[in-house]
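Please look over the chain shown here before reading the report, with its fold, its sheet and its helices in mind.

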Amino acid sequence: TPAEYREAMQSVLNDAQQMNELTSGLLDIAQIDFNRAEIKLEDIRVDELLVDIEKEVTSLDPHAIVILNYEELPEDASKLIIKGNKKLLSIAMSNLVHNAVKFSNHNPVNCNLRYVHDHIEVRIIDNGIGIEKDEIDKVFQPFYRSQGARNFSGHGVGLSLVEKILQLH
């Protein structure tokens, strides 16, 4: 029937989108390892990066609630500038925020930005399922999915990609 056909096509589309996400994540990981010396660094304002991430996450997921909190910011805005690769840092930060939204069942996620003791601190805080203490060191391994995460869509690639990007920086 037409309804069954639409349902089957939607299922195929969902599978294709998940495969695309997995492939993109794996390519990003490989590119970081392969082109480490060729990565171009530029000045990035962290507060502006977080605004971009919030817009991206909420545009991709209309149910997402991302609250940006700026605390103890310096009077000199140039102190919020870091050297980095904007594309890679955007991938890392958006992955963390997407995970926070997903694993908190769309409860509000707070992204806190502070400037403390001459360094920038970003905290992404959710009220999600959390990670068991004995699994924390494993979540950065490619394809590892914690016990609690197995009921959610994903492939276990995101946090290993985040770790590589942050180590690079």
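## Overall fold

The model is a predicted one, and the description that follows should be read with that in mind. The protein chain contains 4 helices and 5 strands, which follow one another along the sequence in the pattern α-β-α-β-β-α-β-β-α.

Of the 169 residues in the protein chain, 33% are buried, and the chain exposes about 10,800 Å², of which carbon and sulfur atoms supply 52%. When contacts between residues at least 6 apart in sequence are considered, 69% of them join residues that are at least 24 apart.

## The three-stranded sheet

Three strands form an open sheet in the order β2-β4-β5, and their pairing is mixed. Because β2 (66-71) and β5 (119-125) each have a single partner strand, they stand at the edges of the sheet, and one side of each is left without a neighbour there. On average, neighbouring strands of this sheet are turned by 15° against each other when direction is ignored.

Strand β4, which covers residues 109-116, runs antiparallel to β5 and is joined to that strand by 7 bridges. Within the sheet, Tyr 115 has Ile 120 of β5 standing opposite.

## Helices across the sheet

Helix α2, made up of residues 46-60, lies across β2, β4 and β5, and runs at about 170° to β2. Helix α3 likewise lies across β2, β4 and β5, with an angle of about 30° to β5.

## Helix α3 in detail

At the start of α3, a side-chain oxygen of Asn 85 reaches to within 3.2 Å of the backbone nitrogen of Lys 87. After the helix comes Asn 105, whose phi is positive, near 55°.

Definitions and conventions: Residues are numbered from 1 along each chain as its sequence is written. This is a predicted model: local features need pLDDT of at least 70, side-chain atom pairs count only at pLDDT 80 or more; totals for chains, interfaces and linings use all residues. Side-chain values use heavy atoms; hydrogens and water are left out. A polar contact is a pair of N or O atoms within 3.5 Å; within protein, one must be able to donate a hydrogen and the other to accept it, and residues adjacent in sequence count only if both atoms are side-chain atoms. Helices (H or I, at least four residues) and strands (E, at least two) are DSSP runs, numbered from the N terminus. Buried means under 20% relative accessible area, exposed over 50%, partly exposed in between (1.4 Å probe, protein chains only). Contact means heavy atoms within 4.5 Å. Accessible areas come from the Shrake-Rupley method with a 1.4 Å probe; for residues, only the protein chains shown count as cover. Two strands pair if DSSP finds at least two bridges between them. Axes are lines fitted to C-alpha atoms, for helices over the stretch in contact, and angles run from 0 to 180 degrees between N-to-C directions.
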